[in-house]
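Subject: Structure handover

Hello,

I am passing this structure on to you, with notes on what turned up in it. Please read the notes alongside the structure.

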Amino acid sequence: MLGYVIRRALLTIPVVAIVAAIVFAMLYFTPGDPALVIAGDQATPAQIERIRVALHLDQPPYVRFFAWIGQFLQGDLGVSVFTGQPVTYMIAQRLEPTLSLVVLAVLISVGVGVPAGVIAAWRQGGTFDKVFVAASTFSFSVPVFISAYGLAYIFATTLGWLPVQGFSPIQDGLGDFVSRLIMPAIAISMIYATLIANVTRSSMLDVLGQDYIRTAITKGVPRSQVLFRHALKNAAIPVITVVGNGIGVLIGGTVIIETIFAIPGIGRLTVDAIMHRDYPVIQGVVLLSSIAYVLLNLIVDLTYVVFDPRVRY
Amino acid sequence: MKMQAIPVPSKAKPAKAISLRRRMPGNPKVWVGAAILFCLGLAAAFPGLLGAGDPYLLDVENRLAPVSAAHPLGTDSLGRDLYTLALHGARVSLVVGFACAVLAAILGAFVGLVSASVRWLDPIIMRILDGILAIPAIMFAILLVAVAGGSLQNVIIAVTFIEVPPVARLVRSVALSLRERPFVEAAVAAGSSLPRIVVFYFVPGIMAPLLVQATFIWAAAMMIEAALSFIGAGAPPSTPSWGNIMSAGRSLWQIKPMLIFVPAVMLFVTVMAVNLLGDGLRQWLDPRRKRQRA
C-alpha cells in the first residue's frame, strides 16, 4: 500500500515538470519581443525595460528556465509586473473565496448528481430516467452565463432573497457566507453535476445487471441498502474519477463566475491580470491551478484502493 | 413491485447487419440538431436577409434604446443594434467552433496515429499530452491568448491546442485496439507497409469516434470562445461575438437584462444543437453504447 502511494506520487513529478516547461515555453510563442507584447502599445521604454528585467528576458532561455524552476521550488513565482507584489502573496490572498466556491460546488454536485444517477439507473426506462436523460442533454449545453445570470435575475433582482454579488468570509458568519456563495456555486455546478450524474447512472447500470445484486434483492436486503451499499460502492470508481477530472472544468468556471458575481478570488485575479497584461501572475495562476489539479487527481487515484480492495499496483 | 424494478440488461441487441441508411431515420436527435444548426448557419451566413444592419454602427443618440420597430431587441450601451449583434455573433461562434473542431480533429488524429504507429515516439508524445491535459482548459486558453494577443485567430489556435490531446488519446487507443485485430495482423503478415496499414486500416477505423468527438469539440469551442471574450481574453471588444456582447453588457445587465440573455440564449441554443447532433451521431455510429444513454 505505502509502496503504491509513493510510486503513484512520484509519477506526478514528470507531469508537473512538463506542465512547468509548457507554461514557461509559452512566452516564446509570442511573435516578436515578449516584453513589448506584454507592455502593450502605450508603454514607455522604462516600463518595457522593467518587464524585461522582471521576466529575466536579458538572459538566455535555458538559464532563465532553470532559474525560474529553482525559484519556484523555493516558493517564488516572481513579481507582478503591475503591482510589484510577489505573485505567491497575491495568489494566497485570493485563495479563500475560490476554495470555498469550489468546495461548495463539489458538495452540491456530488449531493445532487450521485443520488440522481442512482435513482435513474434503478428505474431505468421509467419516468424519472426519461426526464433525467432528456434533462442531461439539456443541462450539458447550458452556458454558465445563463445559469449564473438566470439565478441572479430570479433570486436577487426579482425576488430579492439573495444578495446580487460579493463575498463574505466564513468567519464573518455562516449565513452571509452561504447566501453569497450559493448562487455562484449552483451556477458553476450545472455541467459538472450533469457529468457526475451521467457517469453514476451508466456505472450503476453495469453493476445492477450483475448476479450478486439479484441475490441481494431476492434474499430480502432493503432496496436502499442494495442500491447505496452493495451497488454504489462497486460503481464508485468511475464516479470518483469524474469527480476528480471534472474539477478542471470547475477551476476554469471560477474565472467566469467570479467575474459575474464580483467574488475576489483567483479567477478575478486572473481576469485583472489579463487586463494589465501581468504575465507573471497569469503564469503563476496557471501553474498553481494545474498542480492543484494534478494533486487532486493523485488523491482520487489513491482512493481507488478504499473502494476496491482488489486494486493493487 | 420489487422484482419488477430489477433492471434487466437489454437483450434486444441491435442487429449489426442493419445498414446505416435504415438506422439514420431512427435517430431524431441528429435531425433536430442538424435542422437547428442549418437555420442558425443560414442566419449567420446571410444576416442581412433577416434584417440585420451593420454590427459596427454606433448610434450614440440611441444608447440602451428599448424594443422598437427599428431595433427589435433594443440597443446596447454604445447604441449598437442588439438584434444585429446577436445574428453576427452566430457567425463568429459557428466559425470558431467549426474551425476548432476540424483543426483539432485533423491534428489530433495525426498525433494519435503517429503515437500508435511509431513505438519509440509513443511514450514521449503521451507524456507531453499528459502535461497539456493537466492544465485546466480555460486557464490554458487564457495563457495562450494572453501571450499571443487577443484575436479570433489566436482564440482558434488556443482552443485547437487544448482540444488536440483528448482527440490524440482517443485516436491512439482506437488504433492500438485495431492493431490487435486479426484483419490487421493478416495485413501485417501479408507484408503491408506501415503507411499502408495506417491509411487503409487505421484511418477508416477511427473515423466514427473522431466524428463524434469533433462535434463535442465544436460545442466546447463555442463555450470557450464566449468565456474568453467575456473576460476580455478573446477577440477585440469591437468584434460582434456573443462573449463580447455579454462583456459589454455586464455592468448594465440589471437595467437591461437582454444585453446578457439574448447572446446567452443564442449560445445555449447553438451549443445544444451541436450537442444533440453529437449525441445522436454517437448513438447512431456506436451501437454498443446505446443502452448507456438511450
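A:I6 is partly exposed, because its relative accessibility is 45% (buried means under 20% relative accessible area, exposed over 50%, partly exposed in between, with a 1.4 Å probe and protein chains only). This is a predicted model, in which local features need pLDDT of at least 70 and side-chain atom pairs count only at pLDDT 80 or more, while totals for chains, interfaces and linings use all residues. Residues are numbered from 1 along each chain as its sequence is written, chains are lettered from A and ligands numbered from 1 in the order in which they are written, and side-chain values use heavy atoms, leaving out hydrogens and water.

A:I6 sits in helix α1 (residues 2–25) of chain A; helices are DSSP runs of H or I with at least four residues, strands are runs of E with at least two, and both are numbered from the N terminus. Together with A:L2, A:L10 and A:I13, A:I6 forms a nonpolar surface patch of about 420 Å² accessible area.

On confidence, chain A has an average pLDDT of 84, and 94% of its residues score at least 70 (pLDDT is the predictor's confidence in each residue, from 0 to 100). Among the elements of chain A, the mean is lowest in helix α2 (residues 34–39), at 68, and highest in helix α5 (residues 87–122), at 91.

Chain B has ten helices and zero strands. Of its 294 residues, 51% are buried.

Salt bridges come next: a side-chain nitrogen of Lys or Arg lies within 4 Å of a carboxyl oxygen of Asp or Glu.

- In chain A, A:D272 pairs with A:R268, with 3.4 Å between the closest N and O atoms. The two are about one helical turn apart because they are four residues apart in helix α11 (residues 266–275) of chain A.
- B:D130 forms a salt bridge with B:R127, the closest N and O atoms being 3.1 Å apart. Both lie in helix α4 (residues 122–133) of chain B, three residues apart.
- B:D130 also forms a salt bridge with B:R169, at 2.3 Å between the closest N and O atoms. B:D130 is in helix α4 and B:R169 in helix α6 (residues 152–179) of chain B, so this pair ties together parts 39 residues apart in sequence.
- B:K29, B:D279 and B:R282 are linked in a network of salt bridges.

As for accessibility, B:D130 is buried, at 15% relative accessible area, whereas B:R127 is partly exposed at 40% and B:R169 is partly exposed at 36%.

Regards

Key
Patch = residues over 30% accessible without salt bridge, like charges linked within 9 Å, V, L, I, M, F, W, Y side chains within 5 Å. Areas by Shrake-Rupley, 256 points an atom, 1.4 Å probe, with all protein chains shown as cover.
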